[in-house]
Structures are given as C-alpha cells and as structure tokens.
Amino acid sequence: MSDRRIFRWATSGARVIAGTVVAVGFVVAVVTAVGVPWPTYERRPVELTAVPVPSASMLVCSGDILALGQIVEDPDQVVVAASQSVVAGAEDGAMAEFVLGGPGAPLAYSKEPDGSRRFMVAASGAATADAPFLRGYAASACRPPLIESWLVGGSGETGAADIVVISNPGRVAATVELTVFGATGPVVPPGGAAIVIPSGQQHVVPLSGIARGEASPIVRVSARGAPVTASLQTSITRTLATGGVDQVDAVAGPDTVQVIAGVPVMAGAAGEGQVATIARVLSPTAAGTATLTVVNARNGAPAREPQPLELSAGLPLEVDLGGLEPGDYTVEVTADVPILAAVWQTTGFSPGADFAWYTPAPEFEGTTMLAVPPGPPRTLTLVNRGDAEALVSVSDGTQSSQTAVPPLGSTVVRVATQGLVTLETTAPLHASLSLTGDGALAGFPVWPADTGSEAVVVYP
C-alpha cells in the first residue's frame, strides 16, 4: 500500500471517529438538558387590590294592587283595586323616597353609601283588596333592581288575571325581554320581546298575553341598558267568586338548593278533589334529578317521605303536597342541576279565600334588616342547614329577644309589631316572614344586607 493511500485511509477513519464522538456527545447533551431543570423567568403583571366606591342602595316596591278588564270601553286599561301601604327605613334613619310613573305608582327608595359601605336598608308593602272583582291580602318586600330575575308563580289559564309588573328606577331606559318557560319549553313570545321601559317608569304586561293557556309558567326577566325590578301580581276567580290575590317577589336566579320557609297550612284549606299546597320546580337549562322534602318548621320533624323528582330541561313541574296537617312547614328542594322553586298555598276554595306564593329564602349571615308590613299575625321562620347551633337576636329597636336554632333544624318566632326589625345570627340561616289570618295569606323571604363592596383586583 502506498503512503498516499495509507494517509487517505487514516484521514477518513479519523473523520468517522470524530463525527461519531460529536454525535454521541450531542445526544448525551440533549438527554442531559431534558432531564436537568432549565432556568425560568416569569413575568407577572402589576396588580392592585382596590375596593370600589359602592353605588347608592336602591329598593323598589311592587306598588298598588291592579286590575284589568274593569272598564267596558277599554278592557286593557289598568285600574287600581287597592293602595299599598309601605314600611321603609335604614339603619341610620330615613331614605330618600320617590314615586315611579305608571298605573301602580310604586314607591322607590335610595340611600347613599358611607364611603365604601352601604347602609342596611329595608322596605315592604301590603294591601287589602275588597272589591267584587278582586279580593284578598297581599304583602311583598321591596327589592333592588336586577339585570336578570325570575318570576315563579301564576297561571295563564281561564280565571287567572295575572300581571307582570316591571319598574325601572334608573336614569336611562331599559329594554326588557320576557322568556316564558311552559309546557313546550322556553319561548320569547311577541308580547315579551324588546319592551322599552323609560327611566323612572313602571310597565305592566298581562301574563295571559305572553303565556295564554299555560298552567304553570315561570318567567325570566332579562334587562339591557339598566337593571329593573320585577314582580308578579296574581289573582284568581272561580265561577265568579274571587279566590285571592298575591304580589310575588322575583327570585334572583337558579341554585342547586332552594329553601322555602314558613309555609302555613290551615285547617280545612283543602277542598274535595282540590289540593291546597302545590310546589312548582324548574330546571331551566339541563335535565336532572331532585329531592323534595317537607319538615315541620317548629321542630324540624319530617312531615312526609322525601320525594324524588325527574326534571326535564326547560319544563316546569308541579308537585302535589296535599295531605299536610295544619301547621308551619319548610319545603326544601335539592338537585344535581341549578333549579328554581316556589310553593303555592291557599286558605280554602270557598268565596273569600286567599292564597300566597312562597319563594326561596337566600342564606344570610351576620346582621340584616327586615321591614314588617301591616297585616294579620306575623311569624318568622328560621332554618339552619349547618352543623352548628345558631343564636339569633331579633330586635325592633325597643325590645330584643334571642332564640337558638339547632343544627339541621328550624324554629318559628312571633313578630309582634310592624316596622323595622334587625336580625343578627352567629351562623348562616334562611328566614322568611309569614302573615296569616282569616281569609288572608302572604309571605316573603328575608334577604341578606348588602352593606359592603367586595375587593377587586385591578391590572393597570
């Protein structure tokens, strides 16, 4: 072999060996780099925690009891059947009061905040109608305006003369859409689309105009431009005999637990073949299962076996709760999907009877305020779903009483007089006020006090 060939062979071998060494080294470096943590750099945006200045507290009442079809020449004209008497106040004194325009002339109240804290405020109203075409007692709480709310109750069948009442206390017009959940699911009827409510005005919509023939409708009230306060006035006439009237507060939204406290069942309320107590339940968006329980509000003892419910999306379900002994009850519905619920109760089916819709009571903790309207004897039902005993102080400004609500139990407290009442509890509770008398029935839940603004994170 010549020296030149030997040199070429040696040179080529060296190159192969060197390339192999480099390749192996590269693989080892990659494997090592994957296994060894690399230095990281995280850039976090600047964030500030701030508490926004709250707006004024606002409450809007349902207004007078109204009636349709009483003027032959103009059956669509709304007339006042009974004026509402209102009790209102704040923890440090009176609120600013103004009247909204509209047939019911509802009162509205506002209270400016103190820095970052709202004052506790409360208001409620009551009225007694005693006319040939409308008779009964109604009481309702005055509520803040909402962008979305739900009306659980009423009927679009013959004999019912129900009215959706919408008030806009804001400074700009609101555009409202009414979605009716009925036997065929949710629908926005022509009479419920793009309803413009000017600033400072009340607007009424006959329920029969948007839910004609519906036996158990539930209405979603959606607002754009400004929040609104919605309520449902419901009444019934049976073969020319009046059967009662009620003003039903709106429910804020669906939840998986609905506690309906303070449902009074009166002796002789059920008629032959007629049910005096009915629950209405809806899962707006999804099918699911629920369990309905009824317990004695005074001692927490079960009043009937828990009842399983199969819920279809968007279809209201009515449940017969007949057969309950006279007394005060709490109806609780728990589900695996968000639901809405309410309970209808009547004093009877003879002329001069009255009825009421009882809506869910939200949970509250600490201190809140309740306005007790004039009317028949009043009781406050307190429900404790927690594992700890709740000590509750009830004060009307002149005298105070304290009661204990056992874990997973409830109790009923007598409220002696009308006016402002402060509730203070050591554990979360649900509470409702019931007003029950001879031919008079009404009730509404206690809501938590909205006294402070929550902190928010700002990214400048």
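The strands β17 (229-238), β20 (277-282) and β25 (355-358) each supply at least two residues of the lining of the second largest pocket. The structure described here is a predicted model. The largest pocket has a volume of about 1,200 Å³, and the second largest pocket has one of about 460 Å³.

- A total of 21 residues line the second largest pocket. Those that lie nearest its centre are Ser-155, Glu-157, Ala-215, Ile-236 and Trp-344.
- Which strand gives the most to this lining? It is β17, which contributes 5 residues to the second largest pocket.
- Sorted by class, the lining of the second largest pocket comprises 9 nonpolar, 7 polar and 5 charged residues.

**The largest pocket**

- The lining of the largest pocket is made up of 50 residues. Arg-143, Pro-144, Leu-146, Trp-447 and Asp-450 are the lining residues that lie nearest the centre of this pocket.
- Five strands each supply at least two residues of this lining, namely β2 (57-60), β8 (121-131), β19 (255-265), β26 (363-372) and β32 (440-445).
- The largest share of the lining comes from β26, with 5 residues.
- By class, 32 residues of the lining of the largest pocket are nonpolar, 9 are polar and 9 are charged.

**The largest cavity**

- The largest cavity has a volume of about 70 Å³.
- Its lining consists of Arg-143, Pro-144, Leu-146, Ser-149, Val-228, Thr-229, Ala-230, Ala-250 and Trp-447. Arg-143, Pro-144, Leu-146 and Trp-447 line the largest cavity, and they are also among the lining residues that lie nearest the centre of the largest pocket.
- The lining of the largest cavity divides into 6 nonpolar residues, 2 polar residues and 1 charged residue.

**The second largest cavity**

- The second largest cavity has a volume of about 40 Å³.
- Which residues line the second largest cavity? They are Ala-139, Ser-140, Asp-246, Gln-247, Val-248, Asp-249, Trp-357, Thr-359, Gly-443, Phe-444 and Pro-445.
- At least two residues of this lining come from each of β9, β18 (241-249) and β32. The strand β32 also supplies at least two residues of the lining of the largest pocket.
- With 4 residues, β18 gives the most to the lining of the second largest cavity.
- The lining of the second largest cavity contains 5 nonpolar, 4 polar and 2 charged residues.

**An open sheet of 3 strands**

- The strands β5, β8 and β9 form an open sheet of 3 strands in the order β5-β8-β9, and their pairing is antiparallel. Why is one side of β5 (85-90) and of β9 (134-141) left without a neighbour in the sheet? Both strands stand at the edges and have a single partner strand each, so one side of each is without a neighbour there. On average, neighbouring strands of this sheet are turned by 5° against each other, direction ignored.
- The antiparallel strands β8 and β9 are joined by 8 bridges.

Terms used
Residues numbered from 1 in each chain as written. Predicted model: local features only at pLDDT ≥ 70, side-chain atom pairs only at ≥ 80, totals over all residues. Heavy atoms only, no water. 1 Å grid on protein atoms, 1.4 Å probe; cavity = no way out; pocket = protein on both sides within 12 Å on 5 of 7 lines; lining within 4 Å. Points joined across faces, edges and corners; volume = space filled by probe spheres on them. Nonpolar A, V, L, I, M, F, W, Y, C, P; charged D, E, K, R; others polar. Pairing = 2+ DSSP bridges. Axes fitted to C-alpha atoms, helices over the stretch in contact; angles between N-to-C directions.
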